[in-house]
Amino acid sequence: MWQRGVRDPVIRVTPGAGIRISTPLGPARLDIAYNPYRLQAGPLFQFDTTGALAPVPGQERYVLDRNSKFTFHFAVGQPF
């Protein structure tokens with residue numbers, strides 16, 4: 001169902017590369033990706049005093065600052 005103000009999904013390509021090696025702790029992975037797109041604004045959430053996740057008043061159009069368009073991911077162990 002179409003709603004006013006809701007955009008259709010957009011497919012975006014973000015190139016990247018990764019390395020996998022075997023270690024005594026399990027497989028280790030290092031991935032590097034490049035994201036040329038602007039981050040999309042959205043509501044900022046925080047935990048309230050009861051532990052529930054709630055939107056922060058006045059932060060409906062929050063955009064995370066980032067220093068680079070490159071993203072690095074490092075992990076040890078099996079992905080799931």
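## An open strand and a nonpolar patch

Of the 8 residues of β1, 0 are buried, so β1 lies largely in the open. Buried here stands for under 20% relative accessible area, exposed for over 50%, and partly exposed for the range in between (1.4 Å probe, protein chains only). The model is a predicted one, in which local features need pLDDT of at least 70 and side-chain atom pairs pLDDT 80 or more, while totals for chains, interfaces and linings use all residues. Residues are numbered from 1 along each chain as its sequence is written, and side-chain values use heavy atoms, without hydrogens and water.

The chain has 5 strands and 0 helices, in the order β-β-β-β-β along the sequence. Strands (E, at least two residues) and helices (H or I, at least four) are DSSP runs, numbered from the N terminus. Of the 80 residues in the chain, 8% are buried.

β1 and β2 run antiparallel and are joined by 8 bridges; strands count as paired if DSSP finds at least two bridges between them. A hairpin of 2 residues connects β1 to β2. Ser22 has Pro27 of β2 opposite.

A nonpolar surface patch of about 1,000 Å² consists of Ile19, Ile21, Leu25, Leu30, Ile32, Tyr34, Phe70, Phe72, Phe74 and Val76. Two or more of its residues come from each of β1 (16–23), β2 (26–34) and β5 (70–76), and β5 gives the largest share, 4 residues. Patch residues have over 30% relative accessible area and no salt bridge; like charges are joined within 9 Å and nonpolar side chains (Val, Leu, Ile, Met, Phe, Trp, Tyr) within 5 Å. A salt bridge is a side-chain nitrogen of Lys or Arg within 4 Å of a carboxyl oxygen of Asp or Glu. Areas are from the Shrake-Rupley method with a 1.4 Å probe; for residues, only the protein chains shown count as cover.

| Residue | Relative accessibility | Class |
|---|---|---|
| Leu30 | 36% | partly exposed |
| Tyr34 | 31% | partly exposed |
| Phe70 | 46% | partly exposed |

Leu30 is in strand β2. The structure has 1 aromatic pair. Tyr34 and Phe70 form this tilted pair, at 5.1 Å centre to centre and 55° between the planes. The two residues, in strands β2 and β5, are 36 residues apart, so that the pair links distant parts of the chain. Rings of Phe, Tyr and Trp (its six-membered ring) pair if their centres lie within 6.5 Å; planes under 30 degrees apart are stacked, over 60 edge-to-face, the rest tilted.
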